[in-house]
Amino acid sequence: MTEKPVQEEKRVFMTGNEVCAWAAAAAQAEIMYGYPITPQNEIMHYWTRLAPKYNRDFLQTEDELSAGFTTAGGIMAGKRAFTATSGPGNILMQEPFSMAEAMRLPTVAIIQQRGGPSTATVIYSQQEVTMTSLGGNGEGLRIVYSTATHQELFDYTIKAFNTAWKYRFPTFVLADGYQAKMRESLKMYDPEAKGIKMVSTEPYVGKEGVPGVDRDPGHFRNTYNVEEELYEVLEQYIEDYDKMAPEVAEYEEIGSQDADVVVISHGVVSRAAKGAVQELQKQGYKVGYFRPITIRPLPVNEIRDIANSAKKVMVVESANGQLDRLIKEKVYGCNAEMIPFFKPGVGITTEEVESRLKELF
Amino acid sequence: MGKPWKIVLAGEGGQGVQSVAGILADAANDQGREALYIPNFGVEQRGGVSVAYLQIGDEPVGAPKFQTADIIIALSDRAVTRTTRYTGPDTVFVYDSGIENLKDEDLPTGVKKILAIPALDAAKRELHPRVFNVIIMGAVIKATGVVPEEKAKEALEKKLGYKFEQKPELRDMNFKAIERGAELVAEAL
């Protein structure tokens with residue numbers, strides 16, 4: 001038995017990519033499959049440093065399609081497997097992620113969003129919201145955690161493995177180039193020491209016994225011959241997903257229930273939104289802050305409550321309305337006026353959110 | 001204590017602004033303070049202006065980038081033009097007095113203070129061109145007080161200790177560079 005990567009809780013100061021590698025190691029991930037792309041590269045680099053020390057594995061594939069499918073394969077073999085990518089790599093991985101949805105494979109992927117469309121920038125964006133939540137030729141039966149701090153990158157990377165293996169839906173940690181490359185402090189810990197039990201894994205194939213005699217046969221299909229057969233399966237999946245949604249939906253809020261104007265944001269942009277709201281609250285403005293941590297599934301009831309109690313809801317994001325579309329779908333019929341503040345592919349500062357908010361009063 | 005210090009360091013690729021920001025962030029963190037350091041890492045990094053955004057305070061830092069810096073250190077003509085957008089009425093703008101081709105109209109207006117320090121010259125004539133960025137680090141420390149000089153030296157030791165072991169005179173030179181940077185700012189203030 002090799003020693004645990006993180007023994008005692010300790011304060012560290014590192015980049016987000018390094019945090020992800022440590023978190024995966026602490027979560028007892030067994031193998032990472034990956035293909036290099038900026039700004040995700042260092043997750044792989046740090047993982048390859050940690051893996052030999054803690055008896056874990058790594059496979060660099062020939063491209064992201066392969067990295068996604070090998071992740072799926074590793075999971076079918078019962079391994080707690082993960083991958084990480086960004087931008088064009090995320091596009092290529094949509095096919096394997098779709099298969100993971102079809103076969104209920106608990107893939108875990110860390111997405112470090114970069115600018116788009118296409119190669120665009122290697123720097124930063126929040127433009128992979130739609131693709132990560134709803135990509136593929138399916139129904140978006142996925143869980144997407146959007147982190148805002150290095151502490152959350154650590155916490156939610158660990159959590160992603162458990163959510164994925166508990167509910168058997170592809171699970172994503174959605175961060176961005178800023179979070180990938182910036183350095184700030186956080187506390188690393190051994191999940192078990194905090195009472196977090198890692199959900200056990202099991203192989204999908206190669207199990208003991210004769211299928212249909214000693215055990216149920218495994219039907220892991222991504223191909224169907226007739227429409228009704230597919231429909232029946234999807235009905236069950238969607239029912240499972242809807243039942244799960246309120247159990248996994250998470251959010252953070254400050255004074256959003258009794259505010260005239262509420263800012264909704266996610267990920268690293270919520271740091272600017274939070275700073276702006278706290279500053280304006282001090283100045284006496286009736287302004288609130290709401291941030292879905294799961295952007296899929298969304299915390300629907302809370303969002304609808306806000307959209308009914310607030311006069312205005314401003315959605316702030318480093319994309320041209322990708323979060324906004326997800327929110328609007330949920331607030332259909334609510335009263336609040338929806339105000340956009342979109343800066344696709346570029347960072348948003350506290351000062352900008354603050355001055356935009358003031359204009360709304 | 002309230003808001004963190006917002007620092008922008010900018011220079012040509014290879015001038016070492018990212019190392020300075022990284023070491024200062026480490027020093028602040030070692031001291032138990034909250035720091036957030038983010039480099040720009042686009043294509044500019046390979047042959048353009050390199051910008052480091054650094055925030056140091058006592059509470060967890062908010063957004064990683066910001067609109068207005070408390071202090072800007074610009075080390076080339078292009079760095080000066082690139083960073084004027086981060087100035088405001090409370091910004092201290094520091095630039096190297098040895099920058100060639102810099103016209104007066106390139107410098108920002110309406111800032112709290114503009115300081116010209118001869119860091120490049122001091123590095124070349126008194127120490128070594130390679131410790132230019134360490135002189136800059138000393139200047140930042142003096143101008144902001146974000147970390148004590150001793151902590152910066154410890155962080156430097158951590159990062160370059162293996163080199164210092166082989167060549168102890170490097171340690172002296174780096175430590176002198178911090179002190180010299182602090183002096184240059186003190187003289188300019």
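Two strands are taken to pair if DSSP finds at least two bridges between them, and helices (H or I, at least four residues) and strands (E, at least two) are DSSP runs numbered from the N terminus. On this basis, strand β6 (residues 143-146) of chain A is joined to β12(A) by 2 bridges, and the two run antiparallel; within this pairing, Val144(A) has Arg296(A) of β12(A) as its bridge partner. The model is a predicted one, in which local features need pLDDT of at least 70 and side-chain atom pairs count only at pLDDT 80 or more, whereas totals for chains, interfaces and linings use all residues. Residues are numbered from 1 along each chain as its sequence is written, while chains are lettered from A and ligands numbered from 1 in the order in which they are written.

The pairing of β6(A) with β12(A) belongs to an open sheet of 7 strands in chain A, with the order β3-β2-β4-β5-β7-β6-β12 and mixed pairing. At the edges stand β3 (57-60) and β12 (294-296) of chain A, each with a single partner strand, so that one side of each is left without a neighbour in the sheet. Neighbouring strands of this sheet are turned by 25° against each other on average, direction ignored, where axes are lines fitted to C-alpha atoms, for helices over the stretch in contact, and angles run from 0 to 180 degrees between N-to-C directions. Helix α6 (residues 150-167) of chain A lies across β5 (108-113), β6 and β7 (171-176) of chain A, and runs at about 160° to β7(A).

Helix α2 (residues 41-53) of chain A has Glu42(A), Ile43(A), Met44(A), Tyr46(A), Trp47(A), Leu50(A) and Ala51(A) as buried residues, a residue being buried if 20 or more other C-beta atoms lie within 10 Å of its own, exposed if 12 or fewer, and partly exposed in between, with C-beta atoms placed from the backbone. The cover over these buried residues includes β1 (10-15), α1 (16-26), β2 (31-34), β3, β4 (81-85) and β5 of chain A. The loop between β2 and α2 of chain A contains Pro39(A), which is joined to Thr38(A) by a cis peptide bond with omega of about 5°. In the loop between α2 and β3 of chain A lies Asn55(A), which has a positive phi of about 60° although it is not a glycine; Asn55(A) is exposed, with 10 other C-beta atoms within 10 Å. A further cis peptide bond runs from Arg296(A) to Pro297(A), with omega near -10°, and Pro297(A) is placed in the loop between β12 and α10 (300-309) of chain A.

In chain B, strand β1 (residues 5-12) and β4(B) pair in the parallel sense over 4 bridges, with Ile7(B) opposite Ile71(B) in β4(B). Strand β4(B) is also joined by 4 bridges to strand β5 (residues 92-96) of chain B, again in parallel, and Ile72(B) has Phe93(B) of β5(B) as its bridge partner. From β4 (residues 71-74) of chain B, Ile71(B) and Ile73(B) point one way and Ile72(B) and Ala74(B) the other way, and all are buried. The contact of α3(B) with α4(B) has 8 nonpolar, no polar and no charged residues. The axes of α1(B) and α4(B) come within 9 Å and cross at roughly 45°.

Between the chains, 19 residues of chain B are in contact with 20 residues of chain A, contact requiring that the C-beta atoms of two residues, placed from the backbone, lie within 7 Å. On the side of chain B that touches chain A, the largest share, 6 residues, comes from β2(B), and the residues of this side divide into 11 nonpolar, 5 polar and 3 charged; here Ala, Val, Leu, Ile, Met, Phe, Trp, Tyr, Cys and Pro count as nonpolar, Asp, Glu, Lys and Arg as charged, and the others, Gly among them, as polar.
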